[in-house]
Amino acid sequence: MIREPLIFEISDKGKRAFALPKLDVPEKKDLLAGLAVRSEIRDFPQASEVEIVRHFTRLSQQNYCVDLGFYPLGSCTMKYNPKINEKVAVHPGFIQSHPLAPEDLVQGNLEVLKLVEDALSEIAGMDAFTLQPSAGAQGELTGMMVIRACLEDRGDPRKFVLIPDSAHGTNPSSAHLCGYTVQEVRSNENGTVDLEDLSKRMTGDVAALMVTNPNTLGVFEYDIKKIADIVHAKGGFLYMDGANMNALTGICRPGDMGVDVIHINLHKTFSTPHGGGGPGSGPVGVKKVLEPYLPVPRVVRKGSGFGLEFDRPKSIGRVHSFYGNFLVIVKALAYIQTLGPDGLKEIAEIAVLNANYIRRSLDKDYHLKYTTPTLHECVFSDKFQKDAHGVTNLDIAKRLIDYGVHPPTMSFPLIVHGALMIEPTETESRRDLDFFIEAMTKIAQEAKDDPAVLKAAPHHSYVRRLDETAAARNPVLKWENPGS
Amino acid sequence: MSYIALSDKDKKEMLERIGVASIEELYGCLPDELKLGRRLRVPEAKSEPELERSFDALAARNTYPRFLSFLGAGVYRHFIPATVDYLSARSEFVTPYTPYQPEVSQGTLQIIFEYQTLVCQLTGMDISNASLYDGAMAAAEGVLMAQRLNSRNKVLVARSLHPQYRETIKTYTRNLGLVIEEVGFGDCGGLKSAELEAKLGPDVCGIIVQSPNFFGVVEDVAKVVDIAHRHQALAIVAVAEAVSLGILESPGRFGADIVCGEAQSFGLAPGFGGPFLGFMACKKEHLRQLPGRLTGQTKDVDGRRGFVLTLSTREQHIRREKATSNICTNQAWCALRATIFLETLGHDGLREMAVQNLQKAAYAAETLAKVKGVRLKFSGRFFNEFVLELPKNAQAVLDALKAKGLLGGLALERYYPELRQDVLLNVTEAHPKDDIDKLAVALREVLR
């Protein structure tokens with residue numbers, strides 16, 4: 001493979017890939033008189049179009065992606081991203097419209113927002129949704145702010161938020177940003193919330209419990225209704241991290257479990273592409289009592305059309321410049337409309353089937369710390385390989401790269417040491433599932449026969465194992481011109 | 001259609017291997033009382049042709065593109081070279097996750113590294129992160145970062161900062177005990193420096209000022225930085241129109257501590273407000289408090305250059321509640337588009353674009369201010385936006401222009417009640433002279 005330099009290293013003065021039409025207004029001098037203007041942007045690249053096209057095409061070939069193959073990152077729901085969604089979302093009517101346009105000129109956009117809000121409310125069993133948050137973490141922050149605003153209205157915002165030890169790191173971080181002190185709730189031997197520990201910690205000083213269901217082990221919180229009762233009895237709210245909603249669509253609804261607030265990741269359950277790390281979208285759903293606190297503006301029906309409502313005195317305010325990652329929301333609507341009620345149920349069912357198939361196929365070769373039944377994902381550990389051969393989850397992950405598969409999520413959840421968290425999603429073929437199973441089985445054998453091969457993996461990638469410690473110790477975070 | 005790749009035979013064999021009779025059995029871990037037991041009440045499934053038709057119809061209900069528009073206010077219509085759409089649509093960029101496994105993500109990682117470098121070159125700062133959600137959130141994160149850096153509890157916010165950024169700052173800080181105080185603007189449209197001086201005290205962590213500001217006026221960033229630093233406060237400079245960095249001196253050159261803002265102008269369509277591209281850059285010494293992801297350069301075991309996500313001990317997945325921010329998924333693909341955009345324009349192209357924006361806006365302002373009863377509201381120098389004071393209520397004039405197929409800008413009264421007769425207009429390289437002249441003619445007719 002050709003090694004691709006940085007654009008700055010192939011840049012040369014005077015090269016161009018772009019020109020504008022000639023200026024068609026009389027040119028004026030000194031428009032910025034008295035202000036500091038720059039005569040150049042030092043070291044800014046200059047390249048020809050063909051060099052730029054090859055640069056990005058070559059770089060693209062160094063990426064693994066869902067369109068290439070199996071991508072079993074647990075908790076990330078790397079399902080196939082349907083192409084029709086991409087096509088409808090670049091319609092000029094959507095991409096050209098300005099967010100501050102008069103409402104009557106953007107009725108289609110407002111309808112998209114309303115359609116998605118309504119569909120998500122039905123799917124999650126909630127009363128209202130806001131689509132403003134740009135990703136799951138911003139959804140969490142928004143949801144927690146809504147809870148806090150409501151409690152403040154009742155006279156006391158309270159001090160603590162409870163979070164299970166198996167939770168995503170964004171949960172405690174979001175609660176903290178909302179001004180709360182985080183207390184951890186223990187998991188029991190099933191990997192679910194320890195009710196006794198919860199009851200003990202759930203006091204009148206606790207604003208909410210943030211629970212992920214199914215949790216990060218893929219285990220459904222069987223006692224979710226009891227959990228909700230414990231939280232509600234003390235006047236707290238139940239927040240659900242809906243990152244794993246893909247296991248539940250059309251099967252059961254968080255709103256029916258006693259959940260008061262939920263965020264959903266459109267870039268997980270609703271198939272919008274991850275784009276190498278975003279843009280995502282993290283809509284937040286609430287029960288009626290919390291609706292007045294949702295961010296402004298709200299999309300409302302106005303006559304035969306739609307409008308935006310800004311005058312909501314109890315609202316927490318705004319969390320986005322405008323209405324969220326709109327074009328991502330368009331893609332999610334296309335997905336929901338393609339699936340319909342039966343398709344939405346089917347994705348959950350097949351996601352659970354695929355995950356259990358992998359779990360059953362690998363449970364002899366890899367250690368399962370929790371043997372509780374799981375839904376859409378399963379979490380193995382490196383215990384067998386590490387104890388006997390000194391092979392870690394990192395070695396296993398890197399060896400998978402040699403087999404042409406993306407590694408699972410590693411070292412998370414924190415309650416499983418040396419975790420390998422596998423979420424196949426519903427869109428994988430039997431052939432790809434079996435290919436992964438076979439690779440994992442071979443790796444388990446290699447760990448016994450030739451652990452050194454695993455420790456030096458990957459062998460066939462564009463770069464081999466990278467020194468992450470050196471990167472953090474001596475950060476080089478941009479290119480510097482060696483000549484200056 | 002649900003994009004399932006299993007045949008009935010596959011499903012049967014898979015259930016056999018698992019050792020259950022049905023998929024329903026796999027849901028045995030759900031209490032029966034929680035099961036929905038009915039079909040979801042969402043519209044029936046659509047085939048691809050049906051879906052396309054219905055989205056064509058939805059998009060057609062957006063009549064905005066039929067109008068000649070001078071709306072800006074934080075969202076700008078710039079020319080986007082074909083390379084941007086074409087290259088950014090590649091599956092290898094659209095469908096991977098965050099590059100947690102660097103050996104199979106060098107493409108994304110090298111592009112973020114280039115993006116970070118470009119942002120530093122444009123802003124004149126030492127370090128840039130890999131992206132934030134949008135300009136409003138970047139402004140809020142900038143304020144939070146300043147507060148972490150010097151532990152003071154008041155922040156000064158220029159009233160000429162984008163109103164929706166100000167609202168977002170309020171939302172983000174409302175539960176953290178941070179006091180927000182606004183600093184007004186003068187007749188030039190820029191920050192009142194005497195008021196800034198008077199409001200700065202030992203309790204102020206920083207001042208956030210936008211340049212060019214919401215009214216398009218270029219602020220005296222050097223002066224703001226100087227005043228802030230004399231009071232040991234941090235200077236946060238927000239940029240909402242990133243193309244301006246092609247010609248205006250970089251905020252870093254003036255000593256700004258944090259530069260944050262919106263880079264939608266770099267290759268992202270207006271898209272009804274998103275997805276956009278929040279950016280943030282800072283001085284080297286503030287690295288540990290910078291929110292968001294960072295890509296760093298390193299070597300592999302064979303000594304070859306490679307890139308990895310780094311310094312993640314600042315981040316939520318390691319530091320949990322002590323993280324510098326809760327951000328996880330960011331706007332990587334938008335940063336990719338900005339990178340392709342900037343590298344395609346290149347040094348000369350970006351400067352040319354900036355110059356044309358400056359020139360065309362100047363021409364538009366001069367032409368429109370010649371209309372009877374119309375005047376330029378502010379005396380300050382502006383980049384590609386300006387405020388016109390009209391002889392009557394601005395919204396009424398805009399409504400009349402709309403009836404002629406023109407969107408003549410944004411009425412400012414909703415954001416600034418005292419600016420009842422004022423309208424904010426944006427002109428970019430994408431507005432031919434004819435369009436500007438057309439607006440002048442229409443305005444003259446409307447005001448007759």
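This is a predicted model: local features need pLDDT of at least 70, side-chain atom pairs count only at pLDDT 80 or more; totals for chains, interfaces and linings use all residues.
View 1. Let's start with how chain A is divided. Its domain assignment gives domain 1, covering residues 84-338, and domain 2, covering residues 342-470. If you look for the C-alpha centres of domain 1 and domain 2 of chain A, you will find them 30 Å apart.

**View 2. Where domain 1 of chain A touches domain 2 of chain A.** Here 20 residues of domain 1 are in contact with 21 residues of domain 2. On the domain 1 side of this contact, you can pick out 11 polar residues, eight nonpolar residues and one charged residue.

**View 3. Chain B against chain A.** Now for the meeting of the two chains: 168 residues of chain A are in contact with 158 residues of chain B. On the chain B side, helix 12 (residues 332-369) gives the most, with 20 residues. By class, the side of chain B that touches chain A has 77 nonpolar, 47 polar and 34 charged residues.

**View 4. The largest nonpolar core and A:Ile329.** This core has 307 residues, and those with the most contacts inside it are A:Val146, A:Ile329, B:Ile208, B:Ile236 and B:Val423. Helix 9 of chain A (residues 326-362) supplies the largest share of the core, 21 residues. Which residues is A:Ile329 in contact with, leaving aside its neighbours within four places in sequence? Look for A:Val112, A:Leu113, A:Val116, A:Leu131, A:Leu266, A:Ser281 and A:Gly324.

Key:
Residues are numbered from 1 along each chain as its sequence is written. Chains are lettered from A and ligands numbered from 1 in the order in which they are written. Domain bounds come from an automatic or database domain assignment. Two residues are in contact if their C-beta atoms, placed from the backbone, lie within 7 Å. Ala, Val, Leu, Ile, Met, Phe, Trp, Tyr, Cys and Pro count as nonpolar, Asp, Glu, Lys and Arg as charged, and the others, Gly among them, as polar. Helices (H or I, at least four residues) and strands (E, at least two) are DSSP runs, numbered from the N terminus. A nonpolar core is a set of buried Ala, Val, Leu, Ile, Met, Phe, Trp, Tyr and Cys residues joined through C-beta atoms within 7 Å. A residue is buried if 20 or more other C-beta atoms lie within 10 Å of its own, exposed if 12 or fewer, and partly exposed in between; C-beta atoms are placed from the backbone.
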